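Morning, everyone. Let me put a structure on the screen and walk you through it.

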Amino acid sequence: MEIYELTVHELLEKLYKKEITKEEILTSYQNRINEKEKDVQAFVTITEEEAKEQFKKVQEGNNTSKLAGIPIGIKDNICTKGIKTTCASKMLENFVSPYDATVMDKINAEGMVTLGKLNMDEFAMGGSTEHSYFKKTKNPWNLNKVPGGSSGGSAAAVAAGMVPWALGSDTGGSIRQPASFCGIVGLKPTYGLVSRFGLVAFASSLDQIGTLTKDVEDSALLLNVIAGHDEKDSTSAAKEKEDYTKALKNDVKGLKIGVPKEYFGEGINEEVKASIEKVIEKYRELGATVEECSLDVADYALATYYIIACAEASSNLGRFDGIRYGYRTKNYENLKDIYRNSRSEGFGAEVKRRIILGTYVLSSGYYDAYYKKAQQVRTLVKNEFARNFEKYDVILTPTASNVAFDIGSKINDPLEMYLADLCTVPVNIAGLPGISVPCGLNSEKMPIGFQLIGKPFAESTILNAAYTYEQNTDFKKNKPEFKN
Amino acid sequence: MQVSKEEILHIAKLANLNLKEEEVNTYMGHLEEILNFANVVNEAPIEGLEESIGVNEAYNVFRRDEIVQGLQREELLQNAPDSQEGMFKIPKVIN
């Protein structure tokens, strides 16, 4: 087994037993990046020298964290002081944040080493990472397929063994869907559990930072690092610190799982459906109770998501004006020209599309018909989940209705791309925690994932349920083949 | 849902975006298609439901009233496309 194939908890164990050194870990990952990045294209910025420098400092210092010296990859919409944060946009091509995001403060306090900034859909808008201004990231299982998105660079880099784990962000499925497409574990925590300070805002009431890891135990480990109240984010929850690794009990006896029938109807791929049915069987075998339930919001939730997310985006992205930071047009005579031309030249097509949709639904005459209604549907979605959680501990769905698709196949059909988020967006609308866990490969050897949804702040419950499934199955024997 | 050319140009103006002729047509089509889809919110059983602005019920969140060192002017100006004497520079706005 190569070092880059190991999970972080395996690395820690080998370090403890003195079978490997921290230098060897760093070298193994940096070599792997040099070998695979040309095929996968997961990074916007590789910080090879900075990482070595940072590693040296950690080694010379007296950081006693067990994670000191462990590498990590960071999605390029999380602000990193001194390293470019581009959001995969021409608008921020040269932006260097003057401060670190709160999650970076926490990562740095542990002495972890940043290997680079990972590719994404521009401003996290998209589900395929094809909307990056810089490059199209490839799926390590098949280089002709998308890695999913918007955290596609993070998912692909973890799957390819170029980073041991990564941070991403999830507004409507942007961690869970790429995790599912790339055969890894993706966790979106409860809204408010992880500080959003320093995460470039897309839709502030939905955005949440989370983890992309090789297995569930690593998710718990990394969540331990990034969770916690932060004064700099007024939506951050004042919760007491928990050790999520303690929740991993490899036991689901008595756990009540609801499976909403609405996510298994029309539109779901047969192989995905069969794979999820096996997951359900496995949970029954392990002693959980699994019942069909109803979450009758699927259709409304997706429409609501696109109304709310675009409305918030149109407002959040108003800050990009070519004055204080970001791209400024060369073509201007007055202030208005700077605003309009900088934005028109700096934003890509999908970002403009969403700003237009968001501006439209907020404009006078349409506000009541769309935005106000969507806010009411939001209440409906929350109520529907709450009703189900009276009866069930977790809710199980597919993460995506199909496996990763071919690069280029949906790029001209925005609505079809949006429909791919059907299973993941309700979770963001209700602010719940969700985790995607790999559960099989289809006939073309592309990964399939399932999603577990928990009550607010019940990360422990879904992590344990995911862990128990993982410990009693063997998806991990499958390795991405970098097929051409 | 029909979206007219005038409407899309008005929206683009509100959003501070210029649209090329071909973009106008593409976005018009996409907007119509997405709005038709989004119309299902009008069929949702939402009679009498309150609007949610988010999931967090916290209200008026305050920080402790303490003086902290903020970012320095130079750090904040490092990303400015144009600056002069410690200030962001823009074209003349008053004639």
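Predicted model: local features only at pLDDT ≥ 70, side-chain atom pairs only at ≥ 80, totals over all residues.

Chain A first. Its secondary structure comes to 15 helices and 11 strands. Is the chain compact or stretched out? Take its 484 residues: a compact globule of that length would have a radius of gyration near 23 Å. Chain A has 21 Å, which agrees. Along the principal axes, its C-alpha atoms fill a box of roughly 65 × 55 × 45 Å. Buried residues make up 61% of the chain. Now look at contacts in chain A with a separation of 6 or more: 76% of them are between residues 24 or more positions apart.

On to the contact between the chains. Chain A gives 54 residues and chain B gives 40. Which elements of chain B give two or more residues to its side? They are α1 (5–14), α2 (21–38) and α3 (73–77). The largest share comes from α2(B), with 7 residues. By class, chain B's side has 26 nonpolar, 9 polar and 5 charged residues.

Let's zoom in on one helix pair. Helix α9 of chain A, residues 298–316, packs with α2(B). The axes are 9 Å apart, and the angle is about 130 degrees. Angles over 145 would count as roughly antiparallel, and 65 to 115 as roughly perpendicular. This pair is therefore oblique.

Who makes the contact? From α9(A), we have A:Ala303, A:Tyr306 and A:Ile307. From α2(B), we have B:Ile34, B:Phe37 and B:Ala38. That contact has 6 nonpolar residues, no polar and no charged.

Key. Residues numbered from 1 in each chain as written. Chains lettered and ligands numbered in written order. Helix = DSSP H or I, 4+ residues; strand = E, 2+ residues; numbered from the N terminus. Rg over C-alpha atoms; globule rule 2.2 N^0.38 Å. Buried ≥ 20, exposed ≤ 12 C-beta atoms within 10 Å, placed from the backbone. Contact = placed C-beta atoms within 7 Å. Nonpolar A, V, L, I, M, F, W, Y, C, P; charged D, E, K, R; others polar. Axes fitted to C-alpha atoms, helices over the stretch in contact; angles between N-to-C directions. Parallel < 35°, antiparallel > 145°, perpendicular 65-115°, else oblique.
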